[in-house]
Amino acid sequence: MNVAAILPCRGRKEQTIFNVKRLLQTAGYDQWRLYAIGGKEEGDTLTALAKLGIPTLTAVSDRLTYWQALHEATAITSEPLIACLANDLVPGQHWLRRAVAAYEGSFGIDHYGQPGPGMIGFNGDSHELNHSCHFLIARDLIARYGGWPTWYDHNFGDTELCQRAIADGLYAKALWALLFHDHPYWAGKDDEVYAEGRALIDRDQRLYEHRKAHQWQ
């Protein structure tokens with residue numbers, strides 16, 4: 001199955017380039033393409049990635065939220081499966097091959113080569129079985145849920161999608177498809193990108209709780 005792997009870019013130029021090279025080298029899967037996207041402030045990073053042969057998209061705004069980046073990149077891709085990534089991920093061997101195999105085993109593929117609706121979570125994010133920060137999801141399922149959750153600034157969009165897919169019986173986790181979150185705050189210090197991402201976490205949580213209580217409206 002063809003996969004569009006979308007990498008929203010924000011800060012961390014050197015780390016992003018290093019992680020992209022490792023993502024490419026360890027995917028273990030041929031039917032995929034990595035796309036990078038960011039706002040105008042990420043121009044240098046996107047230029048560097050373009051030199052590596054990565055398709056890139058620079059938005060007209062200075063900054064995109066994570067969910068806005070996924071929304072805009074999804075609009076220019078056509079692959080039936082989408083993997084949402086980040087520039088703080090350290091992949092394990094065959095991270096994508098294992099996720100696709102788990103997807104096919106859980107949700108199937110028709111005789112036209114199209115996937116059944118579903119969502120497979122990557123492991124390595126230190127969350128429980130029923131939550132994944134990053135995942136492989138059917139394009140049709142994203143559309144069913146109203147598109148990427150751009151109503152959140154950064155947090156709880158993944159939580160909403162996981163909970164909705166679980167309720168529909170369309171979620172599973174690939175335990176050996178590893179994408180490790182390389183969070184600097186685990187060593188006692190944030191960087192500015194993480195601090196920016198958590199700036200509106202209380203607002204995002206209140207919105208999540210409201211939407212959940214009102215059938216995701």
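Figure 1. Strand E1 (3-8) is largely enclosed by the rest of the structure, because six of its six residues are buried, where buried means under 20% relative accessible area, exposed over 50% and partly exposed in between (1.4 Å probe, protein chains only). Both faces of the strand are covered, with Val3, Ala5 and Leu7 buried on one side and Ala4, Ile6 and Pro8 buried on the other. Helices (H or I, at least four residues) and strands (E, at least two) are DSSP runs, numbered from the N terminus. The model shown in these views is predicted, so that local features need pLDDT of at least 70 and side-chain atom pairs count only at pLDDT 80 or more, while totals for chains, interfaces and linings use all residues. Residues are numbered from 1 along each chain as its sequence is written, and side-chain values use heavy atoms, with hydrogens and water left out.

Figure 2. E1 and E2 run parallel and are joined by six bridges, with alanine 4 standing opposite arginine 33 in E2; two strands pair if DSSP finds at least two bridges between them. E1 also pairs with E4 in the parallel sense, over four bridges, and here valine 3 has leucine 81 of E4 as its bridge partner. E4 in turn pairs with strand E7 (residues 135-138) in the antiparallel sense over three bridges, where isoleucine 82 stands opposite isoleucine 137. Together with helix H1 (residues 13-26), E1 and E2 make a right-handed β-α-β unit; a crossover is right-handed if, with the strands pointing away from the viewer, the path from the first strand over the helix to the second runs clockwise.

**Figure 3. The sheet as a whole.** Eight strands form an open sheet of mixed pairing, in the order E3-E2-E1-E4-E7-E6-E8-E5. E3 and strand E5 (89-91) are the edge strands, each pairing on one side only. From one strand to the next the twist averages 30 degrees, with axes being lines fitted to C-alpha atoms, for helices over the stretch in contact, and angles running from 0 to 180 degrees between N-to-C directions.

**Figure 4. Helix H3 and its buried face.** In helix H3 (residues 66-74), the buried residues are Tyr66, Trp67, Ala69, Leu70, Ala73 and Thr74. Seen down the axis of H3, these residues fall within an arc of 160 degrees and therefore line one face of the helix, the arc being that of the directions from the helix axis to the C-beta atoms. They pack against strands E1, E2 (32-38), E3 (56-58) and E4 (81-84), and against helices H5 (139-144) and H6 (157-167), contact meaning heavy atoms within 4.5 Å.

**Figure 5. The surroundings of serine 132.** Serine 132 lies in the loop between strand E6 (119-123) and E7 and, at 0% relative accessibility, counts as buried. Its side chain makes a polar contact with the side chain of tyrosine 171 (2.9 Å); a polar contact is a pair of N or O atoms within 3.5 Å, of which, within protein, one must be able to donate a hydrogen and the other to accept it, and residues adjacent in sequence count only if both atoms are side-chain atoms. Not counting residues up to four places away in sequence, serine 132 touches residues including Gly121, Phe122, Asp158 and Cys162.
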